[in-house]
Amino acid sequence: MKKIILISAFIPIPTIAVFVWLFGKNNNQELLSLSRIVINFQLNFLFLIFFSALLLPYLIGVFLFIAVLFFEIRYVIKSLKEKSLNRIKLPYYFKFI
């Protein structure tokens with residue numbers, strides 16, 4: 001289940017992690033905290049993609065969009081390689097949940 005939640009982090013719109021967070025509150029607390037981290041990560045990258053889309057008419061928007069996608073893929077692959085749930089670090093700037 002951990003890998004499925006982390007693979008869903010590739011999509012900047014919260015999907016699978018939201019269902020785990022909403023309906024799995026009484027089950028596994030580790031998966032609940034992981035889904036909270038993934039939701040914050042997805043919402044922050046959605047915000048950054050929206051911000052770069054606003055800057056697309058300027059040249060900086062193209063570079064920002066490429067950088068955002070590159071770092072999103074890099075962080076998700078890095079977190080998929082981790083074996084322990086306690087060591088997973090997905091960066092986010094604003095805490096939504």
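Me: Which residues have the most contacts inside the largest nonpolar core?
Reply: Those are Ile 5, Leu 6, Leu 34, Val 38, Phe 41 and Leu 90, in a core of 19 residues. A nonpolar core here is a set of buried Ala, Val, Leu, Ile, Met, Phe, Trp, Tyr and Cys residues joined through side-chain atoms within 4.5 Å. Buried means under 20% relative accessible area, exposed over 50%, and partly exposed in between, with a 1.4 Å probe and protein chains only.

Me: And which helices supply at least two residues of this core each?
Reply: Helix 1 (2-7), helix 2 (16-23), helix 3 (29-54) and helix 4 (59-80) do. Helix 3 gives the largest share, nine residues. Helices (H or I, at least four residues) and strands (E, at least two) are DSSP runs numbered from the N terminus.

Me: Before I go on, what kind of model is this, and how are residues numbered?
Reply: It is a predicted model, where local features need pLDDT of at least 70 and side-chain atom pairs count only at pLDDT 80 or more, while totals for chains, interfaces and linings use all residues. Residues are numbered from 1 along each chain as its sequence is written, and side-chain values use heavy atoms, with hydrogens and water left out.

Me: Okay, how many helices and strands in total?
Reply: Four helices and zero strands, so the pattern along the sequence reads α-α-α-α, by the DSSP runs. The C-alpha trace spans about 45 × 25 × 20 Å along its principal axes. Of the 97 residues, 33% count as buried.

Me: Back to Leu 90. What does Leu 90 touch?
Reply: Leaving out residues up to four places away in sequence, Leu 90 touches Leu 6, Ile 37, Val 38, Phe 41, Tyr 75, Val 76 and Ser 79. Contact means heavy atoms within 4.5 Å.

Me: Is Asn 44 buried or exposed?
Reply: Asn 44 counts as buried because its relative accessibility is 1%. Asn 44 sits in helix 3 and, neighbours within four places aside, is in contact with Tyr 92, Tyr 93, Phe 94 and Phe 96.

Me: What about Lys 2, buried or exposed?
Reply: Lys 2 is buried, at a relative accessible area of 15%. Lys 2 lies in helix 1, and its C-alpha is 8.7 Å from that of Leu 80, 78 residues away in sequence.

Me: Switching to aromatics: how many pairs are there?
Reply: Four aromatic pairs. One of them, Phe 70 with Phe 71, is edge-to-face, at 5.4 Å centre to centre and 70 degrees between the planes. Rings of Phe, Tyr and Trp (its six-membered ring) pair if their centres lie within 6.5 Å; planes under 30 degrees apart are stacked, over 60 edge-to-face and the rest tilted. Phe 70, Phe 71 and Tyr 75 form one aromatic cluster, and Phe 71 is partly exposed at 34%.

Me: Last one: which residues make the nonpolar surface patch?
Reply: Ile 7, Phe 10, Ile 11, Ile 13, Leu 46, Ile 73 and Ile 77 make a patch of about 580 Å². Patches take residues with over 30% relative accessible area and no salt bridge, joining like charges within 9 Å and nonpolar side chains (Val, Leu, Ile, Met, Phe, Trp, Tyr) within 5 Å. A salt bridge is a side-chain nitrogen of Lys or Arg within 4 Å of a carboxyl oxygen of Asp or Glu. Areas come from the Shrake-Rupley method with a 1.4 Å probe; for residues, only the protein chains shown count as cover. Ile 73, in helix 4, is partly exposed at 41%.
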